[in-house]
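Here's a quick tour of a protein chain, put together for someone just starting out. Keep the picture handy and follow along as we go.

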Amino acid sequence: MAPSHALRCCKRALNWIPVLFINLVVGWSYYAYVVELCVYTIPNNAERISYLVIFHIFFTMFIWSYWKTIWSKPAGPSTAFGLPRAEKELYEREERAEMQQEILKKVARNLPVYTRTAGGAIRYCDHCQVVKPDRCHHCSTCEMCVLKMDHHCPWVNNCVGFSNYKYFVLFLAYASLYCAVICATVIQYFLKFWTKKLPDTHAKFHILFLFFVAAMFFISILSLFSYHLWLVGKNRTTIEAFRAPVFTNGPDKNGFSLGFRRNGAEVFGDQAKYWIFPVFSSLGDGNSFVTRLVHIDPERANSVLQQNGKSLVDGETKPSVLGNNIQHTADDNKDKINGGQLVAVTMESDP
């Protein structure tokens, strides 16, 4: 028992090495830029002051968003997704997998859960003993189920998910801008040192190396930032990009996509004044998400609606409130796609 605990503590300590490395690089870059470039190399006071002001704006936003990503605790499922005591005892006593699924199905009827395993079963975490909300996954490193889990990032030693995904995207954005500012302002002095138009001083090494490091990080971070912007626009997580979420009607990689504008609002919020700041403004609670059921024939759509306590009659929408205070509304828009009918059913949270 003691060795296992000691190994776990060692593993947790080692997990901070990538974070320590990033902070050491950022700390050195701050010293190289402020002291070696601005204090010792730039002769013009106006240029020096303007560089320092611009640099510190992006440095502050970069560090703010980075540390918010690190220290934001991953959000776990609501207690409503845990099995009630009676069902939990039945589940633990039951050895047959099919009967365990029946127990989970009974519990899931009262929850806003619409995704399934690849085999069509209710998604249940034996470690956390909860029915997994849509887009929730268990992280073996964090040892918990994480709402809207995107991935576990070693560079922040944290799970990137519902509680900090906005901070993570902003961290990538400001890290790219931070590197871009360094490259844009250092390059003229880099060239002067490289062509020996400036005398060899202790600043030379720092400025040459600063430009190379900033350029290298800029290219790598920009590519990652572009990828996550694409994910935001599609309303997908990294996990969903590699493995499409499975709904009752089968896999659908666009199951959570609501259009570019609404997809962006889910991450950044609906108030533009908060978009550029690492403060929480994402929509929803992470336990349930607006979704859509596509490529369902009309009879199948009506059965889904009836199961949810709704019906479509003469274009009327009848809402009903299910578990966890989620209101579902049916959209009766029907379009012809590939010679068949497409019935879109959207499920929306209460305002």
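Predicted model: local features only at pLDDT ≥ 70, side-chain atom pairs only at ≥ 80, totals over all residues.

- Now jump to residues 203-227, which are 100% helix and 0% strand. Here the end C-alpha atoms are 36 Å from each other.

**A salt-bridge network around Glu143**

- Which residues are linked with Glu143 in a network of salt bridges? They're Arg8 and Arg12.
- In one of these contacts, the side chains of glutamate 143 and arginine 8 form a salt bridge, at 3.9 Å from N to O. That pair links distant parts of the chain, 135 residues apart: arginine 8 sits in helix H1 (residues 2-14), while glutamate 143 is in the loop between strand S4 (137-139) and strand S5 (144-146).
- Arginine 12 also meets glutamate 143 in a salt bridge, with an N to O distance of 3.8 Å. Because arginine 12 lies in helix H1 and glutamate 143 in the loop between S4 and S5, this pair ties together parts that are 131 residues apart in sequence.
- Arginine 8 is at 41%, so it counts as partly exposed. Arginine 12 comes in at 48%, and that makes it partly exposed too.

**A bridge between two helices**

- Lysine 106 and glutamate 87 form a salt bridge, and their closest N and O atoms are 3.9 Å apart.
- Where do the two partners sit? Lysine 106 is in helix H5 (residues 97-108) and glutamate 87 is in helix H4 (residues 85-93), so to speak 19 residues down the chain from one another.
- Is glutamate 87 buried or exposed? Its relative accessible area is 16%, and buried means under 20%, so glutamate 87 is buried.
- Lysine 106, on the other hand, has a relative accessible area of 48% and is partly exposed.

Terms used: Residues numbered from 1 in each chain as written. Heavy atoms only, no water. Helix = DSSP H or I, 4+ residues; strand = E, 2+ residues; numbered from the N terminus. Salt bridge = Lys/Arg side-chain N within 4 Å of Asp/Glu carboxyl O. Buried < 20%, exposed > 50% of the residue type's maximum accessible area, 1.4 Å probe, protein only.
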